[in-house]
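Here is a briefing on a modelled complex. It goes topic by topic, in short points.

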Amino acid sequence: MTPGDLAAFALTALLRHRLRTSMSLIGVAIGVAAVVALTALGEGARRYVTAQFSTLGSSLLVILPGKNETTGSFPGMGGVPNDLTLDDAMALQRGIPKLDLISPLSMGNETVSNRERRRQVVVLGSTREFLEIHQLEVATGHTLPAGELDRGAQLVVLGATVADELFEGEPAVGRAVRVGDWRMRVIGVLARRGEQVGFDMDDLVVVPVATGMRIFNRTSLFRVVLGVGAHHDLDATCSRAVAILTERHGEEDVTCITQESVVSSLSSILTVLTLALGGIAAVSLSVAGVGIMNLMLVSVSERTREVGLLKAIGAGNRQVLAVFLAEAILIASMGGLLGLTLGWASIRILVLLYPVFPASTPPWAAAAALAVSVCLGAIFGVLPARRAAHLDPVAALAGR
Amino acid sequence: MIELEGVYRTYAMGGQLLHALNDVSETIEAGDYVAVVGPSGSGKSTLLNVLGCLDRPSRGTYRLNGEDVGSFSDEDLSRVRRHQVGFVFQSFHLIPRLDAEENVAFPMIFAGVPRAERRERVAAALRMVGLQERAHHRPAELSGGEQQRVAIARATVMRPQMLLADEPTGNLDSSSGRTVMEVLEGMNAAGLTLIVVTHDPAMASRARRALRMEDGRIVQRTRRGELRGGPVAAAPPEPAS
């Protein structure tokens with residue numbers, strides 16, 4: 001008995017009860033479609049986040065004040081980090097060779113006002129490199145001037161939303177605004193950018209880093225971003241930066257992370273999430289399996305006489321088993337294919353509706369869903385098929 | 001050659017033992033034509049099932065071509081059924097969703113006969129029963145007599161040694177019954193051992209010999225020579241062994 005013969009015979013049996021067959025088939029299809037669609041959503045989330053972070057550039061290091069490991073010292077004795085100052089940033093600039101860029105960042109909330117129009121926004125104190133890293137371009141006017149980090153000019157670049165709110169479509173460049181208590185000249189307005197990693201990049205203003213620290217009256221930076229050429233060893237650069245700062249502070253009280261490590265840990269978290277979603281969807285597949293088992297049990301009891309005939313014309317127990325197993329597997333795999341198509345189609349529709357969200361079924365999930373549905377047929381088909389195979393031929397022929 | 005020696009087939013029925021076959025011994029030569037007659041429940045069908053390896057004797061030996069079938073595994077028995085036995089049933093037992101051709105081809109699928117050869121053999125088998133024109137009709141589109149002829153084609157397509165027919169004309173009118181018997185006898189003339197269970201004396205009289213069964217025993221053996229075309233004559237009963 002060839003697989004082709006088996007499949008052909010199984011198909012004739014299934015086609016005889018189209019409604020019943022299609023119900024079971026749809027059960028499997030829904031399960032598989034759920035696996036495909038949910039894993040696609042999970043995978044989409046992973047890609048979305050990864051893509052968002054990748055726009056930050058992968059050869060970046062971030063130096064944060066504080067050590068994110070326990071120091072082991074007694075409370076109150078050490079462990080309080082020293083400020084990460086502008087001088088530290090300049091020391092890094094001098095101490096690390098072939099630094100592509102350095103972008104110290106101070107950050108806070110301030111009121112920005114144009115006469116009576118005011119708006120509470122995020123104020124970033126940074127450098128022109130910061131704007132470059134985040135691919136923030138000026139739509140009109142100029143970006144922050146290059147120069148020494150500690151030069152705190154009274155200049156500001158407005159986000160698009162801020163400019164609209166404060167100047168209502170009038171040209172903002174060259175005008176004066178107040179940021180907190182400080183009067184600043186607007187030198188540029190950023191192009192619209194939308195949200196990046198959940199942060200509205202249009203509703204902020206950017207000032208030189210030293211200006212920012214003066215506005216906030218702080219000596220500590222929020223962080224320092226270092227950029228090195230693509231060929232550099234990021235980890236080595238990290239150690240170098242930490243060593244420089246440790247020497248300056250007298251203790252190791254900064255943390256250096258690479259953008260890559262952030263992305264990869266987020267990515268692995270979301271992969272686990274995808275697996276979990278797939279697992280939940282797989283529960284519905286097992287329900288579909290019970291449906292197949294039910295269908296096959298009914299089929300076997302209806303076709304008792306046929307089983308008797310199969311045995312009379314010389315089908316062995318194993319061949320009878322194969323006949324009924326083939327039916328279960330056929331239903332399951334047809335359902336699997338249908339579900340794959342359904343899941344894929346629904347994801348296509350989702351992508352059409354929300355082009356930003358890169359939902360896509362990971363190939364492993366599609367393959368696994370199909371493989372699982374075939375196994376489903378095999379597992380849930382075994383019991384009914386065994387029942388058929390072990391029928392007594394004489395009794396079966398008599399329909400008993 | 002079929003040799004039965006002291007064969008019993010016993011069922012437990014409501015705590016009682018029922019002897020469907022009770023010490024049956026019989027030898028049937030290859031190519032013979034045997035009718036098995038007797039009242040309902042006399043063990044005719046059980047005898048046929050044992051001969052066709054669908055059922056095993058509870059006791060006693062059944063030798064088929066010298067081999068003890070009692071020692072065969074289930075798989076061995078199904079191989080015997082596949083290659084050496086053809087069954088014809090009272091209710092035809094065709095698979096309703098398959099057409100005549102597919103029904104006839106069915107046993108060859110389990111025997112692993114290649115597709116091309118199958119087609120030739122199906123065509124030949126249908127020609128033998130005179131139904132080559134009906135190859136693509138489903139059972140529901142065929143008359144009873146035609147359905148039984150399809151069943152005979154199916155039973156012979158594997159070229160078995162013996163053809164076992166259980167009331168083959170039981171569900172047919174007399175004229176299609178006659179056609180079916182002629183087809184079966186044609187197979188016998190071509191060398192097949194033909195064993196027909198019937199309770200129709202006229203049909204039994206066509207056989208080379210007849211076995212009368214009662215309560216699981218063969219109580220009477222008749223040869224056609226002794227009948228001279230008349231009804232099954234009483235023969236002296238075998239001495240009980």
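In this predicted model, pLDDT stays under 50 over residues 228-236 of chain B. The model has 18 contacts beyond four places in sequence for that stretch. Chain B as a whole averages a pLDDT of 90, and 93% of its residues score at least 70. For the complex, the predictor gives an ipTM of 0.89 and a pTM of 0.71.

**Chain A: overall form**

- Chain A holds 12 helices and 12 strands.
- Its radius of gyration is 33 Å, while the globule rule gives 21 Å for 400 residues. Chain A is therefore more spread out than a compact globule.
- The C-alpha trace of chain A spans about 100 × 55 × 40 Å along its principal axes.
- Of the 400 residues in chain A, 41% are buried.
- Among contacts in chain A with a separation of 6 or more, 82% join residues 24 or more positions apart.

- Strand β6(A) covers residues 176-179, and its side chains alternate. V177(A) and V179(A) point to one face and are buried.
- Strand β2(A), residues 99-114, runs antiparallel to β6(A), with 2 bridges joining them. Here S113(A) stands opposite R178(A).
- Strand β7(A), residues 182-190, also pairs with β6(A) in the antiparallel sense, over 4 bridges. In this pairing V177(A) stands opposite M184(A).
- β6(A) and β7(A) form a hairpin with 2 residues between the strands. G180(A) in this hairpin takes a positive phi near 65°.
- Strands of a sheet pair through backbone hydrogen bonds, either parallel or antiparallel.

- A191(A) sits in the loop between β7(A) and β8(A), the latter being residues 195-196.
- Is A191(A) buried, exposed or partly exposed? It is partly exposed, because 15 other C-beta atoms lie within 10 Å, and a residue counts as buried at 20 or more and as exposed at 12 or fewer.
- Beyond its neighbours within four places in sequence, A191(A) is in contact with E137(A), V138(A), A139(A) and A160(A).
- A191(A) and L391(A) are 200 residues apart in sequence. Their C-alpha atoms are 77 Å apart in space.

**The contact between the chains**

- Chain A gives 17 residues to the contact, and chain B gives 21 residues.
- On the side of chain A that touches chain B, the elements giving two or more residues are α1 (3-16), α9 (304-312), α10 (317-353) and α12 (393-397).
- α9(A) supplies the largest share of that side, 5 residues.
- By class, the side of chain A that touches chain B has 7 nonpolar, 5 polar and 5 charged residues.

**Chain B: the open sheet**

- In chain B, 6 strands form an open sheet with mixed pairing. Their order is β6-β7-β8-β3-β9-β10.
- Which strands stand at the edges? They are β6 (85-88) and β10 (217-223) of chain B. Each has a single partner strand, so one side of each is left without a neighbour in the sheet.
- From one strand to the next, the twist averages 20°.
- Strand β9(B), residues 209-214, runs antiparallel to β10(B), joined by 6 bridges. R209(B) stands opposite R223(B) in this pair.
- Helix α6(B), residues 174-189, lies across β3 (33-37), β7 and β8 (193-197) of chain B. The helix runs at about 150° to β8(B).

- Most residues other than glycine have a negative phi.
- C53(B) has a positive phi of about 65° although it is not a glycine. The residue lies in the loop between α1 (44-51) and β4 (59-64) of chain B.
- C53(B) is buried, because 26 other C-beta atoms lie within 10 Å and the cut-off for buried is 20 or more.
- R159(B), also not a glycine, has a positive phi of about 50°. Its place is the loop between α5 (144-156) and β7 (162-166) of chain B.
- R159(B) is partly exposed, with 13 other C-beta atoms within 10 Å.

Conventions: Residues numbered from 1 in each chain as written. Chains lettered and ligands numbered in written order. Predicted model: local features only at pLDDT ≥ 70, side-chain atom pairs only at ≥ 80, totals over all residues. Pairing = 2+ DSSP bridges. Contact = placed C-beta atoms within 7 Å. Nonpolar A, V, L, I, M, F, W, Y, C, P; charged D, E, K, R; others polar. Rg over C-alpha atoms; globule rule 2.2 N^0.38 Å. Axes fitted to C-alpha atoms, helices over the stretch in contact; angles between N-to-C directions. pLDDT = per-residue confidence, 0-100.
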